[in-house]
Amino acid sequence: MEKVVVIGAGRSGRGYVGELYDLEGYEITYADIDQELVDRLNGQGYYTVFKIDEDGSEEVRRITGYRALHTIRDHKAYIDAIVEADYVSTATFPDGFDAISDDIVEALRERMKRGIKRPMAITVGANYVGVYDYYSKRIGDQLNEEEREYLNTYMPLVESIIRRASSYPTEAQKKVDELAIQGDCLNTLEVERNAFRFGEGHVLPKFFKMVDNVKREMIIKIWIGNTLHCSYAYLGQYYHLHSSFEAAVNDYVSKCSYYACEEAYNAVAKQLGLPMPRPVKEWQGIWTYYRNPSLQDTVLRIGADPIRKLSRNERFIGPALMSLENGDVPVFICRNAAYGFVFTNPEDPSACRLQEMIREQGIEKTIVDVCQLDLSQAGDKVVYDLILQSYKEIISYNPTWYLFVEK
């Protein structure tokens, strides 16, 4: 039985990547920084994945036979698991990249110490443009020439794309299993075609879908698809909608989201040579997907961690700056980003911190800091102005009252 370590036991880690490895009979070790989650996974001994198809049909899978390790408390066992694995697959947020990179370096040196020359592969996946470049630099900067050669020969990094829309369970699903995950029925994981080093005759997991340029596909996903998805969330929450489905069928929210997605598509298409204009069938497919009432992903889940999602390389600022490079003005991308600055959720630390920043230092500096803008650069200044003006229009505060307040 081949072994895999899935780093990140959250929605995508256990509900998508891990579930696919389980389908093919791999021995799975989950590794996560969340000690409570690790203990619950081990204590319960199973979790449930609800896979919902476009026609509303549901496949329910119970995953068993795994083990879960805490990356700090169980550090030695965790590193040993990487050393012994055939595959390592990451599915985390960017704030975990540095620690994971350091752990890979530690495991690499342990493998070299033990004289292991059996190839493995490390698929690095996240909703982040440039995930491979980040890991490659962080790891490579710590290695000497011999260690770099070992990495490239026996432990290659393989960029992958996290695509399945994995979400929190519904109340009904939670009654079945508090650790449940719900998502769509996507049963493939896109990976860079020529990155593996196993040699002839080795059989890769059947769910691996070979792609020639994963970074290109990641830009398309994050800077087009996720721009639309997050627009649903930020406008939807502001207009008191609960799910992406409700946002997709709301006249105003769907219109603003469509135009932002169109701006993003045009920007990326000019850079990557995609068809212009976007084929009608592609638009129809996207809207059919999001207007499926069976996929009730919440706007709070989609919009979570707004400080990250409003940052420079993410789903609004990335395509906005690319749009300006092409001579276009990203009016709706920036307008929808402004709704992100009014996104609130008392259970989301990032959303709470964002509102705290606005109260403490004002919206102007907050936009600069969160979006990582350099106002001396013309494109950055345009993005800043567009977001700020839209924010002023969106908020309920009316400055005229101040003119008549006695000092």
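Close-up 1. Asp-39 is partly exposed, with a relative accessible area of 36%, where buried means under 20%, exposed over 50% and partly exposed in between, for a 1.4 Å probe and protein chains only. In this predicted model, local features need pLDDT of at least 70 and side-chain atom pairs count only at pLDDT 80 or more, while totals for chains, interfaces and linings use all residues. Residues are numbered from 1 along each chain as its sequence is written, and side-chain values use heavy atoms, with hydrogens and water left out. Arg-73 forms a salt bridge with Asp-39, the closest N and O atoms being 3.1 Å apart; a salt bridge is a side-chain nitrogen of Lys or Arg within 4 Å of a carboxyl oxygen of Asp or Glu.

**Close-up 2. The salt bridge of Glu-84 and Lys-3.** The closest N and O atoms of Glu-84 and Lys-3 are 4.0 Å apart in this salt bridge. Glu-84 lies in helix α3 (residues 75-84) and Lys-3 in strand β1 (residues 3-7), so the pair ties together parts that are 81 residues apart in sequence; helices (H or I, at least four residues) and strands (E, at least two) are DSSP runs, numbered from the N terminus.

Close-up 3. The structure holds 0 disulfides, a disulfide being a pair of cysteine sulfur atoms within 2.5 Å. The sulfur of Cys-261 is 12 Å from the closest cysteine sulfur, in Cys-230, and therefore too far for a bond, and Cys-261 is buried at 1% relative accessibility. For Cys-352, the closest cysteine sulfur, in Cys-230, is 17 Å away, again too far for a bond.
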